[in-house]
Amino acid sequence: MASQNGIGAAVKRKEDARFITGMGRYTDDLGAHGQTYAMFARSPHARAKIVNIDTAAAAATDGVVAVFTGADLKADGIGDLPCGWLVKSKDGSDMIQPPHPPIAVDAVNYVGEPFALVIGETLAAAKNGAEALSVDFEELPAVVDLASAARTAQIHETVPNNQCYDWELGDKAATDAAFEKAHHVTRMDIVNNRLIPNAIEPRAALGEYDAAAGSHTLHTTSQNPHLERLVLAAFVNVAPEAKLRVISPDVGGGFGSKIFVYAEETAVIWAAGKTRRPVKWTAERSESFLADAHGRDHVTHAELALAEDGEFLGLRVQTIANMGAYLSTFASSVPTYLYGTLMAGQYKTPAIYVEVQSLFTNTAPVDAYRGAGRPEATFVVERLVETAAREIGMDATDLRRRNFIQPTDFPYETPVALTYDTGDYEASLDKALAHVHYAAFAQRRDASEAAGKKRGIGFSCYIEACGLAPSQVAISLGAGVGLFEVGEVRVDVTGSVTVVTGSHSHGQSHETTFAQIISEKLGVPFENVTVLHGDTGRSDYALGTYGSRSLAVGGSAIVKATDKIIAKGKKIAAYMLDANADDVEFEDGSFNVTDSNQSLTFAEVAFAAYVPAKYPLDELEPGLSEKAFYDPPNFTYPAGAHVCEVEVDPETGVVEVVQFVAVDDFGNIVNPMVVEGQVHGGLAQGIGQALLEHGVYDDTGQLLSGSYMDYTMPRADDLPSFTVDTTTTPCTHNPLGVKGCGEAGAIGSTAAVINAVTDALGVASIAMPATPETVWRTARGE
Amino acid sequence: MEQAGEYRIPAVRKEVWRALNDPAVLARCLDGCRSMTPVGPDEFEADIGAKVGPVKATFAAAISLRDVVPLHSYRLQVRVKGGAAGFANGTAAVQLKEVDGGTATMLNYRIEGAIGGKLAQIGSRLVEGAARKMTARFFERFAADFASA
């Protein structure tokens with residue numbers, strides 16, 4: 001049914017009314033009777049032994065309820081924080097996972113690592129208590145530089161050379177052979193700068209223990225409360241799964257950084273049980289900088305082999321990936337299965353070989369951040385391709401066209417383990433070039449030149465793999481969890497609908513888009529659909545939201561449940577209308593008997609299901625509520641073409657992004673306004689990485705970019721008015737034909753910006769972020 | 001973080017050396033120093049209140065004199081634990097030389113330091129300037145102490 005608020009409509013977001021009127025309910029808005037406040041004492045050293053912690057003065061401080069150290073948690077049987085993906089090295093050995101106690105016990109390994117927890121009647125009391133802790137650290141030399149981290153001091157006793165794993169993907173011999181016959185080889189050294197996530201809402205947790213029920217409830221800023229519960233129950237031993245409820249209420253942004261199970265909520269929920277008092281913790285922005293998992297941070301050498309006519313023959317990539325001091329929840333998978341597998345990009349490169357060495361350093365843990373591995377892969381591929389075009393004197397778009405996987409090639413099996421189901425890369429590029437008026441670029445460049453400016457244009461034709469799947473493949477590759485999603489559609493007695501999803505919205509608009517799906521499928525008015533999410537007490541076990549999976553995986557589960565509702569509704573309607581169920585059709589919100597004028601509305605059937613007066617109770621259960629689990633058969637493969645045009649002032653080094661065009665193929669689109677918003681946000685982050693953002697540690701492991709004075713977030717005046725458009729090849733293997741749009745902006749844009757800046761300056765490369773100082777120095781040949 | 005400099009002090013070297021070893025003089029010359037207590041031979045404890053950018057804290061400093069060559073030189077080691085504000089460590093190598101036929105003394109210093117925790121996270125861009133100012137004021141006052149004596 002072409003519902004006014006159905007699939008494809010730019011419906012205004014249901015969520016916004018409460019968000020923009022201050023009625024959102026975030027973790028920090030919640031309070032519990034008798035609530036206490038937690039303050040974490042954090043290491044000022046990047047690497048030190050903890051010789052002694054004297055807690056006496058802290059415990060005696062006015063208003064302090066309790067002081068806990070890592071030893072207290074350990075003594076109580078609290079386990080280490082685990083990493084959920086086991087990656088194997090080239091030689092078949094398992095990655096090495098150093099112990100990661102939630103609160104440091106014997107040693108601290110990054111600045112900001114918590115070594116004690118002080119609980120106070122007030123936040124001020126907790127802070128005073130933390131201030132009164134007396135700690136003897138024995139400082140040790142810190143390992144900070146990633147490129148040399150395998151050859152310096154050993155951080156963890158169990159991890160020689162600080163190496164977590166040394167992984168490979170692809171056919172080395174075939175790739176080496178491709179390079180043997182290359183006419184031209186483009187070689188690049190690429191650094192992917194460390195980013196700090198900066199969700200608008202800092203992480204927070206409120207832990208409660210109900211002594212009567214013997215159960216724990218944790219409200220926290222998690223993107224996947226079920227995963228949080230599973231880890232806290234099965235690995236950390238806080239409480240049995242059935243006695244632990246995890247609720248993620250409104251959450252203000254995550255970008256991946258809230259997927260992970262962190263020390264703080266672990267300690268908070270444990271301490272609530274210990275003290276028999278509710279314990280609240282909300283990160284201060286300074287803590288977020290130090291202790292949220294950071295993103296990216298790769299050092300890479302990459303080579304592209306080309307034939308004389310520009311055909312790609314082979315790609316070789318060697319990357320060192322920074323894991324930080326400990327393995328965060330999914331850290332190991334990011335530079336491997338979400339990175340190496342993407343190296344084919346949109347091209348028919350026949351031979352690819354990727355090596356990734358992951359190393360520990362005395363810095364904050366690094367894990368998935370918007371795009372997670374795929375921005376890093378896109379940056380490598382698209383910088384190489386653009387540079388190769390310049391080196392062989394070919395137009396960068398022509399070189400791409402020469403190598404694109406063609407629409408007739410699908411399904412296309414890449415040399416790096418993925419099978420793309422569908423796409424039309426040239427269509428996106430064509431549309432992007434039309435928007436950017438590529439043919440007139442030379443004139444614009446001349447005009448800039450005449451004004452003393454340097455203009456450049458850069459492209460990025462990215463691919464991403466979303467909705468990580470299928471479970472069995474992922475588990476065979478080391479994933480510790482399944483990757484399905486659950487959707488439950490509960491039809492109310494009056495015909496309104498409550499949807500319960502295991503996906504979690506922290507900005508993605510599930511309450512709107514999932515209601516649109518229901519409205520479309522069941523003909524129920526959009527206003528009569530309520531979407532519930534983020535509560536282990538409400539939905540079955542599922543995996544939450546990351547990797548642009550909510551619609552492709554979570555939405556598909558909802559569609560499956562909806563199909564069951566319709567099937568049951570047909571049986572009920574058939575009985576009520578004395579017809580054969582096979583003769584009942586469901587259309588426009590009505591059950592109709594074919595070739596008759598007999599029909600029942602959806603609400604009438606729902607009512608009959610709950611007030612079963614005329615109802616086949618001996619054949620059919622009453623009620624109209626269905627649930628479905630959906631395990632995708634493949635990833636989805638959003639792809640697109642991003643074009644960036646910049647104007648550089650060589651006198652000041654300032655880069656102005658004068659045009660940015662993003663043409664994306666997300667498959668079918670449920671709400672174009674929501675999609676556009678997701679793309680805008682992603683572009684801001686991708687452009688931010690290219691020009692502004694940089695997580696910097698000094699050589700002793702002190703975080704220098706630890707506040708907004710030194711870490712530059714993109715602002716509106718750093719960005720142009722984006723031109724965002726789409727092309728559509730529907731996903732072939734999910735019922736909605738959707739692919740996912742959450743990360744694309746951040747995946748495609750960074751390479752386009754740097755390609756444009758290097759084009760403007762006429763240089764081979766430039767370090768990110770391309771700040772005015774860096775650009776100015778590069779322009780002067782420094 | 002490194003800085004160096006020299007001051008000409010209008011006093012004989014013996015007097016300057018004596019002052020350099022007098023906790024009362026050191027305390028008077030050091031900005032924000034609330035107390036300086038000897039706790040052993042060439043070991044002192046000091047409470048120093050300092051404000052660096054947005055970070056304001058009282059620091060408990062352990063000060064020790066190392067490599068002491070009487071009348072000639074020492075290294076003054078300062079280790080500061082600032083609680084939640086972080087830490088600061090520094091060493092000042094001080095050398096004295098007679099000038100103007102022994103009527104005055106040239107004091108030469110070289111400082112190396114490191115900071116950590118919140119001080120570094122928020123204050124790193126400010127700390128170097130603050131430390132430079134603190135050092136300059138210290139030696140200004142130290143020299144002025146002699147001028148007025």
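The reply starts from the whole chain and then turns to the sheet and its surroundings.

Analyst: This is a predicted model, in which local features need pLDDT of at least 70 and side-chain atom pairs count only at pLDDT 80 or more, while totals for chains, interfaces and linings use all residues. Residues are numbered from 1 along each chain as its sequence is written, and chains are lettered from A and ligands numbered from 1 in the order in which they are written.

The secondary structure of chain A amounts to 19 helices and 28 strands; these are DSSP runs numbered from the N terminus, helices being H or I of at least four residues and strands E of at least two. The radius of gyration of chain A is 27 Å, close to the 28 Å from the globule rule for 782 residues, so chain A is as compact as a globular protein of that length. That radius is taken over C-alpha atoms, and the rule is 2.2 Å times the number of residues to the power 0.38.

Chain A is divided into domain 1 (16–22 + 484–630), domain 2 (31–140 + 200–253 + 258–291) and domain 3 (295–468 + 634–779), with bounds from an automatic or database domain assignment.

The open sheet has 4 strands in the order β21-β20-β19-β25 of chain A, with mixed pairing; two strands pair if DSSP finds at least two bridges between them. β21 (529–533) and β25 (625–630) of chain A are the edge strands, each with a single partner, so one side of each has no neighbour in the sheet. From one strand to the next the twist averages 15°. Strand β19 (residues 485–491) of chain A runs antiparallel to β25(A) and is joined to it by 6 bridges. One pairing can be named: A:Val489 has A:Glu626 in β25(A) as its bridge partner.

Two helices lie across these strands. Helix α15 (residues 550–576) of chain A lies across β19, β20 and β25 of chain A, at about 40° to β19(A). Angles run from 0 to 180 degrees between N-to-C directions, and axes are lines fitted to C-alpha atoms, for helices over the stretch in contact.

How does domain 1 of chain A meet domain 3 of chain A? There, 16 residues of domain 1 of chain A are in contact with 19 residues of domain 3 of chain A, contact meaning C-beta atoms, placed from the backbone, within 7 Å. On the domain 1 side, α14 and α15 of chain A are the elements that give two or more residues, and α15(A) gives the most, 6 residues. That side divides into 6 nonpolar, 9 polar and 1 charged residues; Ala, Val, Leu, Ile, Met, Phe, Trp, Tyr, Cys and Pro count as nonpolar, Asp, Glu, Lys and Arg as charged, and the others, Gly among them, as polar. The C-alpha centres of the two domains lie 39 Å apart.

A:Asn5 belongs to the segment before α1 (16–20) of chain A. Leaving aside neighbours within four places in sequence, A:Asn5 is in contact with A:Val11, A:Gln516, A:Ser519 and A:Phe526. A:Asn5 is buried, with 20 other C-beta atoms within 10 Å; a residue is buried at 20 or more such atoms, exposed at 12 or fewer and partly exposed in between, with C-beta atoms placed from the backbone.
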